Amino acid sequence: MKQVSFSLFPGQESKYKSLIPASLQSKMLRNYILNEYKLPEDLTVYDKADKQVEKPTKFHFDDTTNTKLNDLVREVKGKGYAANRSSIVRHIIEELTNKLLEEGPVEIEEDDISTEKDSLTERKPIRLNFYFQRGTKDLLDKYIPFRDRNATIESFILNEYEMGEMSVIKDAPTDREQICIRADEKAFDKLDTIANKINDSDVTRTALMRDVVHQLISKLANSDSRLLLSEKKLNDSISEIVNVSGAQEAVKMLESYIEKYKD
């Protein structure tokens, strides 16, 4: 859990915090971002000027929430509208505050204080190296900003991952590259639990991590990551042929393959 700061409009912080006990203010915001908040149809709401904002307001976010917020910023920008983390959170706070006003102030539960305090220290990040088919790192960089890579992989493991096809999991890379992944201990424990349950020497933590990344890239790219890796390898091979023998020779070779597989 990390402390993050956002510039809110005047009065937003005091209004929001008046409705929620101090021990729940970060937790409620995290849960709303992860489970309820949807981008509005009118994305110009994020274009409001930052000139009237107050001093930054601090909350505690985990990597999963940070990743979701970054994804929202990218989605808005991808549609041609201006946005940053603070402008998104200002709208989120506005929506959540209105919801709380309708439902009434939140009452604290017995375990809320201890649970929130524990959550600030419960994460145990671990860095481990894994081997993937060469080209995987480039695909990850294409679809996930480097600074968000670890958090995105961790979130996918903990919240979405289910073991895929056994043939894919057991398909070890023939041309390997190493990628260091930093994730919470719970994410690696989940993979170990799956591996121990399967009880197959080929289904290791590393094999499952390859399946995790395969599924994640396939989801983000809306295409099978194995096909994307093959296409990259083919492009690299064609470029190498062009560099060695020229474009005409590359065209001849490609035409011969087209004839071979045409039928």
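Because the model is predicted, local features need pLDDT of at least 70 and side-chain atom pairs count only at pLDDT 80 or more, whereas totals for chains, interfaces and linings use all residues. Residues are numbered from 1 along each chain as its sequence is written, and side-chain values use heavy atoms, with hydrogens and water left out.

A cavity is a set of points, on a 1 Å grid over the protein atoms alone, where a 1.4 Å probe fits but cannot get out; its lining residues have an atom within 4 Å of a point. Grid points are joined across faces, edges and corners, and the volume is the space filled by probe spheres set on the points. The largest cavity holds about 80 Å³ of space. Its lining consists of Phe9, Gln12, Val45, Tyr46, Lys48, Ser87, Arg90, His91 and Glu94. Helix H4 (residues 85-103) supplies the largest share of this lining, with 4 residues; helices (H or I, at least four residues) and strands (E, at least two) are DSSP runs, numbered from the N terminus. By class, the lining comprises 3 nonpolar, 3 polar and 3 charged residues, where Ala, Val, Leu, Ile, Met, Phe, Trp, Tyr, Cys and Pro count as nonpolar, Asp, Glu, Lys and Arg as charged, and the others, Gly among them, as polar.

A pair of aromatic rings is described by the distance of the centres and the angle of the planes. In total, 5 aromatic pairs were counted. Rings of Phe, Tyr and Trp (its six-membered ring) pair if their centres lie within 6.5 Å; planes under 30 degrees apart count as stacked, over 60 as edge-to-face and the rest as tilted. Phe6 and Phe59 form a tilted pair, at 6.4 Å centre to centre and 40 degrees between the planes. Since Phe6 belongs to strand E1 (residues 2-6) and Phe59 to strand E2 (residues 57-61), the pair ties together parts that are 53 residues apart in sequence. Phe6, Tyr16, Phe59 and Phe61 make up one aromatic cluster.

The charged end of Lys17 sits over the ring of Phe59, 5.8 Å from its centre; the criterion is NZ of Lys or CZ of Arg within 6 Å of the ring centre and within 35 degrees of the ring normal. Arg176 lies over the face of Tyr131, at 3.9 Å from the ring centre.

Technical notes:
1 Å grid on protein atoms, 1.4 Å probe; cavity = no way out; pocket = protein on both sides within 12 Å on 5 of 7 lines; lining within 4 Å.
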